[in-house]
Amino acid sequence: MGKIISIANQKGGVGKTTSAINLAASLAVIEHPTLIIDTDPQSNTTSGLGIESKNVSNSVYEVMVGGIDVEDAIRETELPYLDLVPSHINLVGAEIEMVDRNERERILLKAVEGIRDKYDFIIFDCPPSLGLLTINALTASNSVMIPVQCEYFALEGLGQLLNTIKIVRQHLNRELEIEGVLLTMYDTRTRLSNQVAEEVKRYFDDRVFSTIIARNIRLAEAPSFGKPAILYDASSTGAKNYLSLAREIINNNKKMFKSSPALSKS
């Protein structure tokens, strides 16, 4: 059974979608079947993997609101081991449409139950909010990865996210863990990045990933070509950083997957 990881931070501009795309792509490159589910109405993960959301007929919206089978929304990507459930702008109204539904916090949990055996990893890219879409992703996940930008106010708002995780644990998903805190947009030329990294490590201790994502122009350019960094420029620092992160996550989860032949590849 695959591991489900939500990538969440209600603060925008922290590298959440960049991390979702490039982590999923790196896991796929290491030949671990991976599904990425775009739950952000902005659809940046969808377009970042080369799919125009306006041309999508079945998306996560139809899964959550229309009740279609998630397998009917899965699309192949350019990478052999990476599939995508795309998003659509219609998702922006989904939280209101679901407000009267029974078990509305567990819609995604029920949707992915039948496909967990097909993938080693399922990655949710959450919207930059702590609404029903994010609650659904956290309820369906084994763990949550928190990207934190190495800039001023890095820890701002994290208290709200940690409180939401605590509430989800208490009422919806007792097994939800913090996969790790990921430092992003790290600039070796500035003292500020070092100061922020030290502050985050003091706060989260050993829950901070060893891998740090450096600020890298290739990571910023790749989505405009509809590709993850590892396809756009595999030799770039950004691509190497996310490959390192994928290996760190695989290594951290070897116990959970020790019976999985696929994960023994790494």
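This is a predicted model: local features need pLDDT of at least 70, side-chain atom pairs count only at pLDDT 80 or more; totals for chains, interfaces and linings use all residues.

Colleague: Great. What volume does the largest pocket have?
Modeller: The largest pocket has about 440 Å³.

Colleague: And how many residues line the largest pocket?
Modeller: There are 25 lining residues. Val 14, Gly 15, Lys 16, Thr 18 and Met 185 are the ones nearest the centre of the pocket.

Colleague: Which elements give two or more residues to that lining?
Modeller: Those are α1 (16-29), α2 (44-48), β7 (177-186), β8 (208-214) and α9 (217-221). The largest share comes from α1, with four residues.

Colleague: How does the lining of the largest pocket divide into nonpolar, polar and charged?
Modeller: Eleven residues are nonpolar, ten are polar and four are charged.

Colleague: OK, now the second largest pocket. What's its volume?
Modeller: For the second largest pocket the volume is about 180 Å³.

Colleague: Which residues line the second largest pocket?
Modeller: Among them are Met 1, Leu 109, Arg 116, Asn 142 and Glu 175. By class, that lining has four nonpolar, four polar and three charged residues.

Colleague: What about Cys 150, buried or exposed?
Modeller: Cys 150 has a relative accessible area of 1%, so this residue counts as buried too.

Key:
Residues are numbered from 1 along each chain as its sequence is written. Side-chain values use heavy atoms; hydrogens and water are left out. Buried means under 20% relative accessible area, exposed over 50%, partly exposed in between (1.4 Å probe, protein chains only). On a 1 Å grid over the protein atoms alone, a cavity is a set of points where a 1.4 Å probe fits but cannot get out, and a pocket is an open set with protein on both sides within 12 Å along at least five of seven lines; lining residues have an atom within 4 Å of a point. Grid points are joined across faces, edges and corners, and a volume is the space filled by probe spheres set on the points. Ala, Val, Leu, Ile, Met, Phe, Trp, Tyr, Cys and Pro count as nonpolar, Asp, Glu, Lys and Arg as charged, and the others, Gly among them, as polar.
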